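Here is a short report on one structure. Please look it over before reading on.

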Amino acid sequence: MSHATTVRDIPTPAPAAPKPGLSSRSLPRLAPLGFAVAAIVLGVGLGLAAGWQSRVQWGLISALFFLVISYVTTSVVENRRQARDRLATSLVWVCFLLAVVPLASLLWTTVSRGSERLDGYFLTHSMAGVLGPEASGGVYHALIGTLEQVGIATLISAPLGLLTAVYLVEYGKGALARAVTFFVDVMTGIPSIVAGLFILSIMLIAGLEPSGLMGALALSILMIPVVVRSTEEMLKLVPNELREASLALGIPKWRTILKVVLPTAIGGIATGVMLAVARIAGETAPIILLVFGSQLINTNPFEGAQSSLPFYIYEQYKIGEAASYDRAWAAALVLIAFVMILNLVARGIARWKAPKAGR
Amino acid sequence: MAKRIDVSGLSAYYGSHKAIDDISMTVEPRSVTAFIGPSGCGKSTFLRTLNRMHEVTPGGRVEGKVLLDDENLYGAGVDPVAVRRTVGMVFQRPNPFPTMSIFDNVAAGLRLNGSYRKSALNDIVEKSLRGANLWNEVKDRLNKPGSGLSGGQQQRLCIARAIAVEPDVLLMDEPCSALDPISTLAIEDLVGELKERFTIVIVTHNMQQAARVSDRTAFFNLAAVGKPGKLIEIDETERIFSNPSVQATEDYISGRFG
């Protein structure tokens, strides 16, 4: 039978493999969710069966199962190309989850443990006369310290960084600009303890006392390169056509920069400064060296020891009592909230100042 | 107001690369002079030397003389900022300032130069917008951002911005190349009106446009890619388009180029 069929087929040239239609078998839209559930069940099952303790291990096994299941199922049901596509998508998802899980866990732990102690009393009282094991005391002195030190550091760094970036983008050329760029890059990598030691050596040479100002100086060493870099990028984004349009109106270069270039970039610049503030708000090393730490409220950043939020966390953790752990978590929550509020403010400014295209 | 431009022996460089070579020509006041020629032949570069915008480009350098009614723009002690107040410019792509309203865009030149009377500002803005045939379209939304206008309106806004500082000469670098035919027509009509008050130089790739708007036409060409551009000839537009004296001009205009 089959022989006859073959013979009959010979005269007509075998038609080229029929072109597949545009539609083919495909998995339902929610299939990845199914794969994920199956992978988790398998991962947990395997973990329980093998008696592994670590949940992290379970998670990683499940992630691996997820990749394998989605690739194999798709290549069977659909085709190789779809399978590779699915594999890439799944990898992106897995990596995203791997990145987000620690972050969410950190945030959850800080919020749940920090909120136990965080209240009005905690925010408005210092640690004056509070012994380690006592469940009272607060973060007020550290909050004041952080606000003042970071504030002074910003007052120093924002103008310096902004003007340096303006120089680099608008004026700088040749060896000097290259040198400035190089040193800014090097400064970005300075460890905070080195910045602290640098100011400490100056402090010792000049015979100065530890104070909030000294800490702020070290923080501004860390902050300036960040501000320069972000501002530089923002200024480079301003189209050259705007500069030329302004110059062609007979507007001097400095006014062009002040009235056209900077206003166009101000949203991005503000965001950059706020991110730099967020970065230095968590620095501990320079504070330990230069501000010394204190249990008392000292609102004068120019004289005497102060505290700061990261230093306070470190100090409370070191005490090692249940009450002090609670205070450390609460202070960590305050610090995270501080940085988050700054970020929101920066976003608000960026949105408010962004060039509008409305009609 | 309108001034005559006398260029003699002008060469412009980008670093060590010579972009245009030894150009001499006269641009008559109260007339429209069009520059035509293939891409890369130095029309725009030459235009930018006329208000000292060429030196804004890194490595930009100019040799030769540009006389604006007997005053050399490249003479010792001449302030490029003062030159640019006298010789205004409109660019290829509309570029209103995105942070400013329509009103502020037009007022920008005066405000940022610091040379204006507050009471006169409203009048100047209205006069400039009327001069650019834009007043009726925007008079109800002067406080809205300039970037919200259509492309053709934005370009007319840029022209209003340029004429608000009352220059003597207006340079236009392919002002219609990013616009549709209707907006192009609006700008061409505008050029015809503006030449009553200004000396206008316009770079264009559109030969019909050169024929429509200009009184005199200059043809630029370059010997080969990488060679500096040269002025081939400048004459009455009618002569250039009917009976040019150089064969290369005729070849270019009739499309038999290269």
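## Helix α8 of chain A

The model here is predicted.

Which residues of α8(A) are buried? They are S192(A), A195(A), G196(A) and I199(A). These residues cover an arc of only 100° around the axis, so they sit on the same side of α8(A). That buried side packs against α9 (212–237) and α12 (285–290) of chain A. The face turned away from it carries exposed S201(A), L204(A) and I205(A). Just after α8(A) comes G207(A), with a positive phi of about 65°.

## A helix pair in chain A

Helix α11 (residues 253–281) and helix α14 (residues 322–353) of chain A pack at an angle of about 175°. Their axes are 8 Å apart. Angles over 145 degrees count as roughly antiparallel, and α11(A) and α14(A) are therefore roughly antiparallel to each other.

On α11(A), the contact residues include I266(A), G267(A), G268(A) and A270(A). On α14(A), they include L335(A), F338(A), V339(A) and K353(A). By class, this contact has 14 nonpolar, four polar and one charged residues.

## Where chain B meets chain A

How many residues of chain B are in contact with chain A? There are 27, and they meet 21 residues of chain A. On the chain B side, α2 (80–86), β6 (87–90), α3 (102–113) and α6 (151–164) each supply at least two residues. That side has 14 nonpolar, eight polar and five charged residues.

Technical notes. Residues numbered from 1 in each chain as written. Chains lettered and ligands numbered in written order. Predicted model: local features only at pLDDT ≥ 70, side-chain atom pairs only at ≥ 80, totals over all residues. Contact = placed C-beta atoms within 7 Å. Helix = DSSP H or I, 4+ residues; strand = E, 2+ residues; numbered from the N terminus. Nonpolar A, V, L, I, M, F, W, Y, C, P; charged D, E, K, R; others polar. Buried ≥ 20, exposed ≤ 12 C-beta atoms within 10 Å, placed from the backbone. Arc of directions from axis to C-beta. Axes fitted to C-alpha atoms, helices over the stretch in contact; angles between N-to-C directions. Parallel < 35°, antiparallel > 145°, perpendicular 65-115°, else oblique.
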